[in-house]
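Visitor: I have a model to look at and some simple questions about how its parts are arranged. Could you take me through it?

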Amino acid sequence: MKINYYSLGCKVNLYETEAVLNEFIDNGFKLVSFKEKADVTIINTCTVTNTADQKTRQMINKALRNKPKVLAIMGCFSALDYMEIVDDDVTQVIIGTSERNKLYDYVIKALEDKKSFINITKPFEIDVYEELKLSRFVDKTRGFVKIQDGCNNFCSYCRIPYARGKSRSRDKNNVISEIQDLTDNGVYEIVLTGINTGNYGKDLDNYSFSNLLEEIVLRVKGLGRLRISSIEVTEITDELLTVISKYPKHFCNHLHIPLQSGSDLVLKEMNRKYDTNYYYEKVRKIREYFPLINITTDLMVGFYNETDEEFEKVKEFIKKVEFGEIHVFPYSRRKGTVAYDAKKDLKGDLKKARVQDVLKINNELALKYQEKYLNQVLEIVIEKNEKGICFGHTSNYLKVEFNDNNGKVGSLVKVRLRELGYPIAKGEVIEV
């Protein structure tokens with residue numbers, strides 16, 4: 001039988017989709033393109049913004065038009081709004097953010113019975129981390145390893161805690177075993193991910209995220225490099241920085257630290273747990289340990305109390321921090337959040353203009369950071385090879401294009417950075 005999929009949203013979703021696909025493929029299903037007709041289609045949904053909601057509905061409608069025998073839908077959107085996607089014309093399996101490890105069995109039963117099945121567990125009733133098995137990546141060259149689920153932060157604009165439930169840490173031995181399996185299968189870069197990755201260990205006895213990182217390095221044989229997908233500034237401790245600095249061979253020279261706003265007034269209204277001074281001092285401390293580290297961030301503009309004056313503060317602050325890259329997006333008013341209840345919003349055109357203002361600053365900052373590495377030799381994991389034109393990321397998360405007819409996807413190569421460019425710089429392979 002044939003199976004295809006579409007995964008929306010974050011790296012956690014990518015991991016969960018891959019884990020589910022593993023079981024289907026292990027049981028004889030053939031993976032085909034999402035454009036092709038399949039017996040089973042899986043959609044992993046996202047609800048982080050209004051745009052994510054719209055994209056989720058769009059992809060589900062595309063799948064419905066292809067009329068698979070079973071359409072399986074899971075993820076954050078279905079956890080909160082599954083009634084919007086029920087369709088009597090196609091047999092469906094709909095779950096939320098739990099029981100992904102049972103999805104294969106649910107789909108097989110739906111194929112046999114030709115009956116839809118819906119099972120949505122309330123996220124806050126989930127107390128234990130749900131283990132998924134993954135020994136290879138079907139469709140990725142870097143290995144995303146999920147170590148944590150859920151979030152306790154309750155930022156005023158965010159629906160994700162309501163979709164994912166409270167923070168839960170994965171058993172360390174399962175994390176290490178999975179990284180070992182991926183490493184044994186030739187995966188050089190492991191990306192540690194979670195809904196709130198740095199919160200790992202807070203629900204465990206005397207065990208922290210730093211402890212996990214050190215244990216991974218010491219126990220995984222043949223380990224390549226580790227990348228932390230994202231970490232809150234409040235979770236970056238001296239202990240964490242010390243562990244990373246002890247093993248420079250294994251940790252990427254890159255941290256993604258969400259900022260969300262460069263205005264203290266806006267941060268307070270967002271219910272973020274820091275102000276700009278705290279954030280800046282933490283970045284300064286990180287650079288004491290790693291002077292050339294690439295610090296990237298997420299930034300939300302157009303929050304309802306972001307006046308013109310506050311937005312000027314945002315722009316000044318991101319220039320002061322000198323980020324290597326900024327992922328910027330406009331505020332989306334989300335039902336069920338504290339910010340939604342404020343019943344305030346800025347005009348869409350104003351939000352779009354502010355996004356463009358930040359993107360312009362981002363381009364300047366990204367090129368400024370790249371200049372430090374011009375003509376330097378960097379290691380890259382090849383993620384694509386399109387007729388001899390290869391693409392990949394450096395340890396410090398620069399995306400580089402280079403020519404290599406013999407470049408094997410997933411392999412590690414040395415490349416000299418020859419030409420600055422954002423979002424893609426250019427380099428040349430160095431023969432070793």
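Predicted model: local features only at pLDDT ≥ 70, side-chain atom pairs only at ≥ 80, totals over all residues.

Visitor: At what angle do H1 and H4 pack?

Guide: Helices here are DSSP runs of H or I with at least four residues, strands are runs of E with at least two, and both are numbered from the N terminus. Axes are lines fitted to C-alpha atoms, for helices over the stretch in contact, and angles run from 0 to 180 degrees between N-to-C directions. For H1 (residues 11–26) and H4 (residues 103–113) the axes are 9 Å apart, and the angle is about 50 degrees.

Visitor: Which residues of H4 make the contact with H1?

Guide: Contact means heavy atoms within 4.5 Å. On the H1 side, Val 20, Glu 23 and Phe 24 take part; on the H4 side, the residues are Leu 103, Tyr 104 and Val 107.

Visitor: How many aromatic pairs are there?

Guide: Rings of Phe, Tyr and Trp (its six-membered ring) pair if their centres lie within 6.5 Å; planes under 30 degrees apart count as stacked, over 60 as edge-to-face and the rest as tilted. By this rule, the count is 17.

Visitor: Which kind of pair do Tyr 157 and Phe 303 form?

Guide: Their ring centres are 6.3 Å apart. The planes stand at 80 degrees, so the pair is edge-to-face.

Visitor: How many residues apart in sequence are the parts that this pair ties together?

Guide: Tyr 157 lies in the loop between strand E7 (143–149) and helix H5 (160–164). Phe 303 lies in the loop between strand E12 (294–301) and helix H11 (308–321), so the separation is 146 residues.

Visitor: Is Ile 361 buried or exposed?

Guide: Ile 361 belongs to helix H13 (residues 348–370). Buried means under 20% relative accessible area, exposed over 50% and partly exposed in between (1.4 Å probe, protein chains only). At 8% relative accessibility, Ile 361 therefore counts as buried.

Conventions
Residues numbered from 1 in each chain as written. Heavy atoms only, no water.
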